[in-house]
Amino acid sequence: MAACASQRREGQELKSSANVETKFRELLDLVEKLRSPDGCPWDRAQKKGDIGRYLMEEAYEVLEALEGSSPENVQEELGDLLFQILFLAQMAEEAGEFDIAAVLGGITEKMIRRHPHVFGDTTVEGVEEVRTNWERIKTEVEHKGDKGSPICDGIPRSLSTLVRAQRITARTAEAGFDWPDTAGVLDKVEEELAELRAALEAKDPKRMQDEAGDLLFTLVNLCRFAKVDAETALRSSMRKFINRFSHIERELAARGKAPKGSSPAEMDRIWEEAKKNERNSMLELMRKRRSVRKFKKDRIAQTAMDDLKEAALRSPSSRGNRPWKFFFVQDAEVITRLSRCKESGSAFLKDASLAVVVCGDETVSDVWIEDCSIAAIIVHLAAESLGLGSCWIQVRNRRHNAESTSEDYVRNILGIAYPFRVLSIIAIGLPDEIKAGHPYESLDHGKVDAPVLPPT
Ligand SMILES: Cc1cc2nc3c(=O)[nH]c(=O)nc-3n(C[C@H](O)[C@H](O)[C@H](O)COP(=O)(O)O)c2cc1C
């Protein structure tokens with residue numbers, strides 16, 4: 001890892017202080033030029049409020065870029081956001097208020113002040129204490145003597161309403177004003193919904209607005225209890241909605257129609273189709289997929305079983321040799337015996353409804369391990385696409401006990417004779433555990449890099 005990082009730094013000059021200063025100066029000069037009398041009439045005409053709006057837009061674009069697209073896109077969006085900040089600083093300098101040096105100095109000082117455990121003598125035990133200190137410095141040192149609510153006032157008004165709402169609820173909850181549990185918030189959601197319903201029936205615009213606001217605010221509280229970021233959740237739902245709606249638009253256009261004038265039933269059908277496509281998109285599948293080791297007792301539907309078999313048989317193999325053989329085991333007793341194939345890492349198989357034992361004929365292909373691994377992962381992903389949980393159990397190169405290998409143990413149970421080898425068992429069943437997909441930020445991005453080619 002460390003070697004990769006330093007290789008990239010040498011190859012691409014990721015960060016050199018001389019470069020940063022020159023580039024920063026160039027951008028500052030550019031902003032100054034745009035606002036100068038011989039600059040751009042549009043830039044000169046901008047007011048602070050206009051830039052504030054662009055600032056919010058650019059900030060949202062950064063968030064969107066962070067949610068899935070390439071680092072190049074994130075880099076571009078960060079540039080756009082920085083430009084708006086420098087533009088506002090330039091306007092302030094023109095008005096004799098402050099300049100960018102004051103902005104930089106101010107934030108550096110503030111960060112030093114808020115990290116006494118890094119730049120001072122304070123010692124902290126962990127992240128929680130850092131957070132508590134941060135809040136204490138904000139309220140006791142920086143906002144001392146402020147009027148209003150010391151707890152809520154520190155939350156910037158410029159935040160999106162949803163983010164601000166969630167921050168307010170988090171702060172007041174930390175201060176001890178909260179529901180005891182999720183059930184209490186759910187009751188409140190129902191109460192607010194009933195009140196909104198009554199306001200709708202009364203056709204009272206003022207009450208409708210009040211009750212709609214109360215309901216939204218309670219839902220934000222519910223998000224906090226569920227540890228869901230309300231802003232991210234809503235943005236993701238909107239993106240989903242837009243994707244599905246544009247699918248409707250495209251499909252209707254292909255039929256020479258538009259949403260207006262098309263029947264709700266037709267649009268519903270296309271909407272469902274878009275939902276199905278989403279679930280089955282490879283990347284979506286990979287985003288959600290996790291190894292599942294806890295299973296419900298339910299049997300797997302025959303249609304799903306047929307789909308899994310078809311997926312296995314569609315696996316690509318070197319030279320099309322298809323050295324594999326799959327044993328689909330559903331007998332609970334046999335599954336329990338298979339679950340003892342290793343000293344550890346296989347016991348959970350006993351609760352699975354299906355064990356797919358992936359074998360390969362090593363006389364058919366010199367790359368039978370690769371061919372069988374590909375088939376095993378395809379069965380694994382097909383299970384995920386069918387809403388089933390699954391986990392790979394490694395058999396090849398593992399031991400059952402001191403006397404025998406896991407392969408021989410499995411071969412004995414299923415009567416598999418040489419030249420068939422046993423690569424792995426894929427445990428499959430209805431999931432009895434919910435695991436979130438790995439977050440994008442947790443991916444080891446250093447593992448994908450442009451090559452640093454040796455000089456030719
Ligand atoms: C080649 C291979 C062998 C694995 N063997 C086992 C195993 O024997 N037992 C087990 O519980 N999990 C096994 N796994 C699952 C991994 O532990 C799991 O994929 C990894 O911890 C990452 O977790 P995730 O799949 O939830 O992202 C194996 C996975 C692969 C790809």
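Author: We begin with contact, a term for two residues whose C-beta atoms, placed from the backbone, lie within 7 Å of each other. Helices (DSSP runs of H or I, at least four residues) and strands (runs of E, at least two) are numbered from the N terminus. This is a predicted model, in which local features need pLDDT of at least 70 and side-chain atom pairs count only at pLDDT 80 or more, while totals for chains, interfaces and linings use all residues. Residue numbers start from 1 along each chain as its sequence is written.

Reader: What pLDDT does the chain average?

Author: pLDDT is the predictor's confidence in each residue, on a scale from 0 to 100. The chain averages 89, and 94% of the residues score at least 70. Over residues 1–12, however, the pLDDT is below 50, and this stretch has nine contacts in the model beyond near neighbours in sequence. Where pLDDT is low, the predicted coordinates should not be read in detail.

Reader: Into which domains is the chain divided?

Author: Domain bounds come from an automatic or database domain assignment. Here they give domain 1 (13–112), domain 2 (115–142), domain 3 (150–225), domain 4 (232–280) and domain 5 (302–429). Between the C-alpha centres of domain 3 and domain 4 there are 31 Å.

Reader: How should I read a helix, and what span should the 15 residues of α6 have?

Author: The expected span of a helix is 1.5 Å times one less than its number of residues. For α6 (residues 100–114) this gives 21 Å, and the end C-alpha atoms are 21 Å apart, so the two agree. Helix α5 (residues 71–94), with 24 residues, should span 34 Å, and its end C-alpha atoms are 35 Å apart, which again agrees. After α5 comes G96, whose phi is positive, near 70°.

Reader: Which residues of α5 are buried?

Author: A residue counts as buried if 20 or more other C-beta atoms lie within 10 Å of its own, as exposed if 12 or fewer do, and as partly exposed in between, with C-beta atoms placed from the backbone. In α5 the buried residues are E77, F87, A89 and Q90. Helix α6 is hardly covered, since the count of buried residues among its 15 residues is zero.

Reader: Against what do the buried residues of α19 pack?

Author: The buried residues of α19 are S406, E407, Y409, V410 and R411, and they pack against α17 (332–338), β2 (354–361) and β4. Y409, found in this helix of residues 406–414, is buried because 21 other C-beta atoms lie within 10 Å. Apart from neighbours within four places in sequence, Y409 is in contact with C341, H400 and S404. G415 follows α19 with a positive phi near 65°. In the loop between α19 and β4 lies P419, which is joined to Y418 by a cis peptide bond with omega of about 10°.

Reader: Where is K227 found, and is K227 buried or exposed?

Author: K227 is found in the loop between α12 (205–225) and α13 (230–254), and it counts as exposed because it has 6 C-beta neighbours inside 10 Å. Although K227 is not a glycine, its phi is positive, about 55°. R319, in the loop between α16 (302–313) and β1 (324–329), also has a positive phi, near 55°, without being glycine. With 11 other C-beta atoms within 10 Å, R319 is exposed.

Reader: How far apart in space are G437 and P454?

Author: Separation along the chain and separation in space are to be read side by side. G437 and P454 are 17 residues apart in sequence and 38 Å apart in space, C-alpha to C-alpha, whereas the C-alpha atoms of K138 and G154, 16 residues apart along the chain, are separated by 7.6 Å. K138 belongs to helix α8 (residues 127–142). G437, placed in the segment after β4 (420–429), is partly exposed, with 13 other C-beta atoms within 10 Å. Leaving aside neighbours within four places in sequence, G437 is in contact with R287, K288, R289 and R290.

Reader: Which residues are around the ligand?

Author: A residue is near a molecule or strand if its C-beta atom, placed from the backbone, lies within 6 Å of it. Around the ligand these are R290, S291, R293, G345, C391, W392, I393 and Q394. This shell divides into three nonpolar, three polar and two charged residues, where Ala, Val, Leu, Ile, Met, Phe, Trp, Tyr, Cys and Pro count as nonpolar, Asp, Glu, Lys and Arg as charged, and the others, Gly among them, as polar.
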